[in-house]
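Subject: Structure for your files

Hello,

Here is the structure I said I would pass on. My notes on it follow below.

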Amino acid sequence: MIMCMYKRICITNSTLVHDDFISTLKRVIEYGVDIIILREKHLDELTYENIFNEVNQLCQAKNVLLVLHSFVNVAKKINHPHIHLTMKDFLLLSDEDKKYFATIGVSTHTVLEAIQCEKLGATYITASHIFETDCKKGLEPRGLKYLRQVKQSVSIPVYALGGINDDNEKLCLDAGADGICKMSYYMEL
C-alpha cells in the first residue's frame, strides 16, 4: 500500500450523482479519501441529518473523517464536532460555537480571507477556485500563484479546490497545498 502524504478530500453534491448517492460514496471511500465534506446544501435539516447517519456509518467503518457543511445546528444536535462553512457563515459563528467544534474549515477565495480565517480560529481552509470548473462557470480561476500566496500567508492546512483532476493535482501539491478537494470527479465515480 502506498502512503499518501497529503489529504484527499471529497466534497459531496448528490445532484451530480448518476446513480445512488450512498453507493457512490462507498466507491469514493474505496477509491481512497481521507475526508468527506457532506455539502448537501440543497437539503432541509431533517433530510441532511438522516443522510449524515448513513454516511457516518460508512466513514467510521473505513476511518474517514466526516465533516458537515453549513448545518451548524444539526452538528450540535447530533454532537458532531467537525464543520465546514462558507466565509459568510464563519463570520457569523459565535465564539461559543467555535469552542464547540474541533474542526472548523472555511471556504476562502482571497489571501485576505485566508489570513482572517486563521486569526478567527479556522483549523483549515479551502482555497478556490484554482482551475476552471463547471461549478464556477464563467469565473476566471485564481490559479496556482494564488494558491502559493495563500499557503505562504497562513500556517493552517490549505486544501486546493476547483477543477482539480488526476492531471493537475500534482501542480497543486507542488504549489504547497496540504491536500486536494474534488467534487464532480468523485460524484461521477
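**Overall shape and makeup**

A compact globule of 189 residues would have a radius of gyration near 16 Å, and the chain has 16 Å, so the two agree. Please keep in mind that this is a predicted model. The C-alpha trace spans about 40 × 40 × 35 Å along its principal axes. There are nine helices and eight strands in the chain.

Of the 189 residues, 48% count as buried. The accessible surface of the chain is about 9800 Å², and carbon and sulfur atoms account for 51% of that surface. If we take contacts between residues at least 6 apart in sequence, 56% of them join residues at least 24 apart.

**The nonpolar core**

In soluble globular proteins, nonpolar side chains tend to be buried together. Here the largest nonpolar core has 65 residues. The residues with the most contacts inside this core are Phe21, Ile36, Leu38, Val55, Ile125, Leu147 and Cys172. Helix H2 (residues 45-62) gives the most to this core, with six residues.

Leaving out residues up to four places away in sequence, Leu38 touches Thr12, Phe21, Tyr48, Ile51, Phe52, Val55, Leu66, Val67, Leu68 and His69.

Strand E3 (residues 65-69) is mostly covered, with four of its five residues buried. Strand E2 (residues 35-38) runs parallel to E3, and four bridges join the two. In this pairing Ile35 stands opposite Leu65 of E3. The chain gets from E2 to E3 through H2, and this β-α-β crossover is right-handed.

E3 also pairs with strand E4 (residues 82-85), in the parallel sense and over two bridges. Leu68 stands opposite Ile83 of E4.

How many of the residues of strand E6 (residues 124-128) are buried? Five of its five are, and the strand is mostly covered. In a regular strand the side chains alternate between the two faces of the sheet. In E6, Tyr124, Thr126 and Ser128 point one way while Ile125 and Ala127 point the other way, and all are buried.

Strand E5 (residues 103-108) and E6 run parallel and are joined by four bridges. Gly105 stands opposite Tyr124 of E6. E5, helix H6 (residues 111-119) and E6 together make a right-handed β-α-β unit.

E6 pairs with strand E7 (residues 158-161) as well, in the parallel sense over four bridges. Here Ile125 stands opposite Val158 of E7. Ile125 is also among the residues with the most contacts inside the largest nonpolar core.

Ala160 lies in strand E7. Its relative accessible area is 0%, so Ala160 is buried. Not counting residues up to four places away in sequence, Ala160 touches Ala127, Ile130, Leu147, Cys172, Ala177, Gly179, Ile180 and Cys181. For one of these, Cys172, the C-alpha atom is 6.6 Å from that of Ala160, although the two residues are twelve apart along the chain.

Glu169 is in helix H8 (residues 169-174). Is Glu169 buried or exposed? The cut-off for buried is under 20% relative accessible area. Glu169 has 10% relative accessibility and therefore counts as buried. Apart from its neighbours within four places in sequence, Glu169 is in contact with Tyr6, Arg8, Ile164, Ile180 and Lys182. Ile180 is also in the contact list of Ala160.

Thr24 sits in helix H1 (residues 21-31). Thr24 is buried because its relative accessible area is 0%. Not counting residues up to four places away in sequence, Thr24 touches Val17, Asp19, Tyr186, Met187 and Leu189.

Regards

Note on methods: Residues numbered from 1 in each chain as written. Predicted model: local features only at pLDDT ≥ 70, side-chain atom pairs only at ≥ 80, totals over all residues. Heavy atoms only, no water. Buried < 20%, exposed > 50% of the residue type's maximum accessible area, 1.4 Å probe, protein only. Pairing = 2+ DSSP bridges. Right-handed = clockwise from strand over helix to strand, strands pointing away. Rg over C-alpha atoms; globule rule 2.2 N^0.38 Å. Contact = heavy atoms within 4.5 Å. Areas by Shrake-Rupley, 256 points an atom, 1.4 Å probe, with all protein chains shown as cover. Core = buried A, V, L, I, M, F, W, Y, C linked by side-chain atoms within 4.5 Å.
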